Amino acid sequence: MKNQKARVGLTVFGALFTAALYIYSIYSAYYCFKHGKTGEIILYASLLGLCAGVFILLYTLTDKKHEHTKRSKTAAPLITVAVNIGLYLAAGYAGQKLVSPKIGGNVAASVSMILFGVTLAVFLNGLSSRRLRVFCKISAAACCLTLISTGLWLAATTLTGYSYLKPFYGFFAASKNIGGIPTSDREIVYDFGYATEKPLRDTALGTDESIEIRLAKNEWEAFHVFFATAAKNKKVSVSVTDFKNGDGDILKTQAYKENYLPALGQGDIFTSEYADALIPVYHTGEKGGPAELKKGLQQGFLIRTFADKNAKAGEYTAVVTAKNENDEVILEKEIKAAVWNFVLPDTPANDTLFGNGAGAFYDIYGVKKGDGDGREKVVLDVYNTLLENHISPYDIPYDILDDRADAYMNDPRVKRFIVPYSEDDETLVKYYSKLKSNPEWAKKAVFYPIDEPGDSDAYARYTEMTDRLNRLCPGYNMVTPFNTDKVKIDGEEKSSVKLQSGRSNILCGMNSVVDRGTVLEEMLNEVKNGSSAWWYVCCAPGGDYCNFFEHLDAIKHRILMWQQKSMDLTGLLYWSTVYCEKANPWLSSKTWDDYDASGDGMLLYPGGFIGLDEVVISLRLVNIADGMEDYDYFALAEQKFGRKWANDRISKVTTSPTEYITDHALFEQIRREIGEAINAE
């Protein structure tokens with residue numbers, strides 16, 4: 001009797017302990033998959049398998065209803081362990097490889113919960129041969145139902161955004177409601193839209209028959225024209241004339257075909273495609289030529305124009321023409337542009353530093369190894385494209401000691417550039433001596449030797465670097481982006497801002513960190529002491545924060561600069577515009593680890609991959625450039641009407657980094673209100 005009680009007690013204790021270990025392991029395994037830690041994934045997968053194996057072992061030892069041979073008592077737990085580990089890893093790594101680490105963790109956890117639910121039900125049902133038969137059977141059903149339903153729910157919520165009905169869209173939903181206005185080809189409809197729009201591709205078109213734009217001198221402005229069809233085998237091509245006024249003066253204008261890529265998990269059950277790359281319509285090679293209209297899916301074209309500093313104020317008109325697959329004109333619209341009588345400065349009000357170097361970009365472009373001239377051409381193309389869009393790249397095209405670098409350092413459009421942090425004292429001093437010989441160069445030059453220090457070791461290196469710079473390059477400028485508000489040093493939490501105070505005179509926090517606690521207040525206090533306050537985005541943050549991800553509505557790329565101005569931040573840093581190390585951006589939007597950060601680090605496309613000997617801009621870059629111009633508007637408005645006036649207008653668009661309007665027409669109305677006020681002065 002005592003032995004039986006002891007055996008029952010040991011079984012209950014073993015079951016409870018194993019269940020607790022399983023709960024700990026399932027969370028840890030999900031977390032590790034999400035963060036891609038291979039060693040820990042295998043460890044926790046083994047623990048999960050072991051937990052399931054223990055329950056099957058307990059089942060074979062306690063079930064009196066069935067007889068189990070010694071072989072089955074050994075084989076059943078081992079097979080259970082192997083199956084649980086194998087299916088968990090297979091599901092997890094498949095999800096991780098095909099989509100993202102986050103999805104891998106979710107799917108693997110779902111599979112494990114379903115398997116464990118079955119295992120637990122088998123164990124409890126085996127106990128039902130004893131006195132508590134009804135209790136055991138109810139418990140078995142409850143555990144099985146709870147774990148399996150939880151696993152299925154997690155799998156469903158994980159996968160429902162992954163366009164799982166895409167193959168059936170053309171049969172069941174593509175013709176239901178495409179919206180739009182009929183062209184002369186009754187099977188093709190159209191709609192005009194603001195450049196801030198980036199709808200999911202299966203979104204029904206609106207009913208805007210035309211559009212007008214307004215812009216200052218030395219400013220870009222753009223708009224969309226969208227097409228869709230419910231029929232098969234339809235095509236459309238678009239062309240545009242330059243905008244021209246009554247005196248024959250022109251604004252150079254270009255039409256682009258929008259290229260779509262899926263950002264898995266960011267769409268709906270039918271599609272996850274968003275527009276990004278802008279292919280000039282004159283391109284006839286791969287991805288060029290007329291756009292093939294996919295049934296029920298919209299196809300956008302972007303029209304972009306530029307008014308130079310010497311453009312005459314007043315009204316201009318251009319004609320947008322669309323043709324179908326038979327080369328028949330199906331749409332011809334006159335579009336008006338009004339140029340205001342004020343000029344945006346060559347030197348942007350907003351400080352910027354955007355990364356502009358990545359080896360894989362040149363490889364995908366088609367530059368062969370050892371082709372110095374070919375690489376130089378692409379380097380210059382990338383650099384000049386960013387500069388034309390009001391962005392200062394990290395690296396000037398030539399070494400600072402090269403005489404050819406002088407023209408770039410003198411360019412008024414260049415606000416900042418990075419000085420290489422040489423480990424050689426003599427080289428570092430040579431760099432700095434040349435820069436100090438010209439006050440404008442010294443003002444623009446920035447050191448950036450360490451990124452996102454987050455622990456005591458990183459800040460020890462940081463201190464060593466800044467001590468060295470203070471010794472060799474007194475008066476240096478330095479930026480050190482930080483992605484946490486607090487850092488633990490010697491067991492004590494210290495503010496990132498205070499750790500950098502007096503060492504990095506450009507304080508640059510991730511936008512979600514700047515939005516946290518007292519970080520912004522601390523940064524602005526340092527501004528009073530001569531520092532600058534910037535922020536940055538990268539593969540984070542997500543959620544409601546504005547960022548540069550492909551799947552975000554384009555208005556969010558632009559509003560980021562409105563938020564920046566409202567918070568008294570004078571600079572924006574972005575780590576790369578040409579990062580292609582993890583994916584060819586023409587083939588996948590997963591340029592970082594996760595589709596949640598689709599397109600991260602990549603705002604320009606290597607044109608050589610599609611046979612176009614130039615860098616291809618993106619819809620995101622267009623909106624970022626527009627945001628830079630908006631920042632110039634704020635600076636001009638502040639000079640004319642005061643800070644409160646400018647802030648009052650900004651507050652109509654955004655009141656915090658996670659609170660902002662998404663109405664494109666209202667956004668444009670508020671922008672025009674600011675422009676009209678400046679123009680009237």
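Biologist: Which residues touch the most other members of the largest nonpolar core?

Modeller: In this predicted model, they are Phe-354, Phe-361, Met-523, Phe-548, Leu-573 and Leu-604, out of 91 residues in that core. Helix H17, residues 619–641, gives the core its largest share, with 9 residues.

Biologist: What makes it a nonpolar core?

Modeller: Membership asks for buried residues of kinds such as Phe, Met and Leu, joined through side-chain atoms within 4.5 Å. Phe-354, Met-523 and Leu-604 are among the members, so each of them counts as buried, under 20% relative accessible area.

Biologist: Which residues does Phe-354 touch, beyond those up to four places away in sequence?

Modeller: Among them are Ile-391, Tyr-394, Phe-548, Leu-572, Ile-624 and Met-628. These count as touching because heavy atoms of the pair lie within 4.5 Å.

Biologist: How many of the residues in the whole chain count as buried?

Modeller: Of 681 residues, 55% do. The accessible surface comes to about 29400 Å², and 54% of that belongs to carbon and sulfur atoms.

Biologist: What share of the contacts joins residues at least 24 apart?

Modeller: That share is 75%, taken among contacts between residues at least 6 apart in sequence. The chain holds 19 helices and 25 strands.

Methods. Residues numbered from 1 in each chain as written. Predicted model: local features only at pLDDT ≥ 70, side-chain atom pairs only at ≥ 80, totals over all residues. Heavy atoms only, no water. Helix = DSSP H or I, 4+ residues; strand = E, 2+ residues; numbered from the N terminus. Buried < 20%, exposed > 50% of the residue type's maximum accessible area, 1.4 Å probe, protein only. Areas by Shrake-Rupley, 256 points an atom, 1.4 Å probe, with all protein chains shown as cover.
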